[in-house]
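Here is a briefing on one protein chain. Have the sequence and the coordinates open while reading.

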Amino acid sequence: MENNEKLAKIFNRMADALEFLGEIPFKIQAYRKAARTLENLDKDISEIDDFQKLPGIGEGIAKKIKEFLETGKISKAEEIFSKIPEGILDLMQIPNLGPKTLALLNKEFGVRDLETLKQALVNPRIKTLFGMGEKKVENIKKGIELFLKSKERYLLGEVYPIVNSLVSFLKENKNALMVIPAGSFRRFKETVGDVDILVTTKTEVDLSEYITQFPKIEKIYAMGPTKTSFVLKNGLQVDIRVIPSESMGAAMQYFTGSKQHNIHLRTIAKNLGLKISEYGVFKGDKFIAGRTEEEVYGTLKMQWIPPEIREDEGEIELALKGEIPELIEFSDIKGDLHIHSDYSDGQSKIFEIKEEAKKRGYKYVAICDHSQSAKYAKGLNIERLMKKKEEIKKLNEKGDYPYLVFGAEVDILPDGKLDYPDEVLKEIDYVVVSIHTGFKKNNTERIIKAFENPYVHAFSHPTGRLIGSREPYEANWDEVFKKAGEKNIWMEINSYYERLDLSPPLIKKAKKYGIKFVIGTDAHHYNQMWMIELGVGTARRGWLTAQDVINTRDLEELLELLKAKKLNKNYLKIQ
């Protein structure tokens with residue numbers, strides 16, 4: 001859906017440019033809303049007959065889409081961009097540097113690119129400008145660091161679908177026997193630099209010609225019977241390595257990493273008089289093992305270690321004792337516990353979400369729209385909240401799976417109170433609380449006060465981070481997790497690709513306080529529900545088992561747990 005991606009990028013850049021130019025807000029938001037619609041479409045925009053039937057697409061934007069499809073450009077966009085100094089639009093990608101601040105720095109210091117921005121930030125006069133100051137300047141400097149770091153790597157969720165489509169493409173070739181992505185992609189790291197894909201084939205078959213027919217390749221660097229290298233249209237470099245079957249396990253282990261994990265394994269192998277490499281395990285010149293990863297680890301007298309936890313953080317010591325836990329699997333998930341509908345800022349109707357959940361074999365799905373203070377996200381006032389409850393009730397009366405859980409994502413207000421009164425909260429089956437403002441202060445007390453409310457079930461995207469663009473807000477996580485453990489409040493692992501929040505280190509920390517977890521996609525369109533896989537991968541990186549995660553439970557048990565919290569019963573804490 002290349003047209004969708006290109007148009008969404010253009011509309012977002014037009015919105016940024018108009019904000020820089022001081023245009024009226026409704027025009028800016030119109031382009032941003034159109035971009036979100038395009039990003040969430042489940043088919044290419046060129047396949048749609050009437051653009052204006054899509055949410056957020058009016059007559060003016062529909063004409064621009066038509067122009068782009070016919071000519072490959074939008075004249076209005078070129079007109080807007082011509083009014084802005086070259087390089088400014090790229091600077092707008094820097095976290096903590098909004099278009100208004102950038103406009104001010106352009107006016108006062110002639111900022112037009114990264115170099116002139118850096119010069120302005122060390123000029124003492126910058127701190128005297130309205131709205132600036134020492135803290136603001138430091139935040140912009142941190143934003144530059146995040147920006148430069150993000151340019152080196154790709155978000156896992158950005159490359160996950162395309163890499164999986166490439167894997168499927170390779171598997172369609174009858175001569176390919178095994179196709180396994182390796183590296184940080186296989187370990188479910190939140191960002192990846194490049195991707196290695198390992199392939200075994202039938203004897204002496206050259207797949208390179210077939211490989212290069214993959215439609216999303218931009219440039220081919222090398223092709224041959226053992227290795228083909230290319231760059232995809234999104235800039236990601238991919239190396240496809242053809243591996244002999246007898247060495248596939250060793251290659252999978254070697255190319256999956258991590259570096260620290262592999263160094264530790266090589267040390268153990270050396271102490272056993274063995275040598276381990278991507279070709280196998282050897283004793284002198286004699287090949288000992290390598291066909292499977294289980295063989296490789298078994299030769300080193302340890303159990304197989306799941307890829308997601310190969311970080312040299314204690315997993316090898318446990319494997320030597322045979323004590324690696326059985327981590328949660330994708331197949332354990334019975335439902336998604338955080339999805340937005342078009343009642344708030346989602347773009348799918350509740351019945352559409354239910355249909356997608358049914359296709360996934362879910363037993364339940366929680367519809368958690370924003371609360372009333374989130375006006376930017378069409379947050380639900382009490383009247384609309386109750387209207388949603390009635391719609392969910394009617395859909396559930398059909399008696400088929402999946403069951404729709406009446407939920408709400410309720411803002412924690414700055415004083416720690418919740419965005420609905422208690423008499424409303426007790427009517428909501430699943431209350432997940434979250435913070436959407438106040439990222440620049442310590443939020444410990446605010447969170448802990450919210451946890452005192454007896455109707456809270458879970459805490460959504462707990463740290464507020466956006467990978468590569470917004471750092472987590474400050475909080476004393478030991479205090480937060482201690483209170484959550486006392487109040488039986490679950491921690492969400494938010495699967496949305498820009499969040500993946502909680503992070504694995506905090507998942508491990510939270511688990512020590514006896515906390516249970518929920519996994520939710522935070523999907524704003526039913527075609528984003530695939531991201532549950534990212535959440536499960538993140539849970540595995542945090543060493544979680546199926547028992548640690550609430551939405552591995554059957555519907556009956558889930559409903560009992562939700563009800564128990566509302567009745568303030570202790571059996572909510574599952575053993």
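Tyr-430, Val-432 and Ser-434 point one way from strand 14, Val-431 and Val-433 point the other way, and all are buried. The coordinates are a predicted model.

- Strand 14 covers residues 430-434, and five of the five are buried, so the rest of the structure largely encloses it.
- In a regular strand, side chains alternate between the two faces of the sheet.
- Strand 13 (residues 403-411) runs parallel to strand 14, and five bridges join them.
- Within this pairing, Ser-434 in strand 14 has Asp-411 opposite.
- Strand 14 also pairs with strand 15 in the parallel sense, over two bridges.
- Here Val-432 stands opposite Ala-458 in strand 15.
- A right-handed β-α-β unit is made by strand 14, helix 19 (residues 444-451) and strand 15.

**Strand 16 and its partners**

- Strand 15 (residues 458-459) pairs with strand 16 in the parallel sense, with two bridges.
- Ala-458 has Trp-490 as its bridge partner in strand 16.
- Strand 16 spans residues 490-494; five of its five residues are buried, so it is largely enclosed by the rest of the structure.
- Which residues of strand 16 lie on each side? Trp-490, Glu-492 and Asn-494 are on one side, Met-491 and Ile-493 on the other, and all are buried.
- Four bridges pair strand 16 with strand 17 (residues 517-520), again in the parallel sense.
- Glu-492 has Val-518 as its bridge partner in strand 17.
- The chain reaches strand 17 from strand 16 through helix 21 (residues 504-511), and this β-α-β crossover is right-handed.

**His-525**

- His-525 is in the loop between strand 17 and helix 22 (532-541).
- Its relative accessibility is 8%, so His-525 counts as buried.
- Beyond its neighbours within four places in sequence, His-525 contacts Asn-40, Gln-347 and Ser-348.

**Aromatic pairs**

- The whole structure holds 15 aromatic pairs.
- One of them is the stacked pair of Tyr-160 and Trp-530, at 5.7 Å centre to centre with 5 degrees between the planes.
- Ring pairs link Tyr-160 and Trp-530 with Phe-185, Phe-188 and Phe-330 into a cluster.

**Charges over rings**

- Lys-363 places its charged end over the ring of Tyr-401, 4.4 Å from the ring centre.
- Arg-470 lies over the face of Phe-439, 3.9 Å from the centre of that ring.

**Overall form**

- The protein has 23 helices and 17 strands.
- Its radius of gyration is 26 Å, close to the 25 Å of the globule rule for 575 residues, so the protein is as compact as a globular protein of that length.
- Along the principal axes, the C-alpha atoms fill a box of roughly 70 × 60 × 55 Å.
- Of the 575 residues, 53% are buried.
- Of the contacts between residues at least 6 apart in sequence, 68% join residues at least 24 apart.

Conventions
Residues numbered from 1 in each chain as written. Predicted model: local features only at pLDDT ≥ 70, side-chain atom pairs only at ≥ 80, totals over all residues. Heavy atoms only, no water. Buried < 20%, exposed > 50% of the residue type's maximum accessible area, 1.4 Å probe, protein only. Pairing = 2+ DSSP bridges. Right-handed = clockwise from strand over helix to strand, strands pointing away. Contact = heavy atoms within 4.5 Å. Phe/Tyr/Trp six-rings, centres within 6.5 Å; stacked < 30°, edge-to-face > 60°. Lys NZ or Arg CZ within 6 Å of the ring centre and 35° of its normal. Rg over C-alpha atoms; globule rule 2.2 N^0.38 Å.
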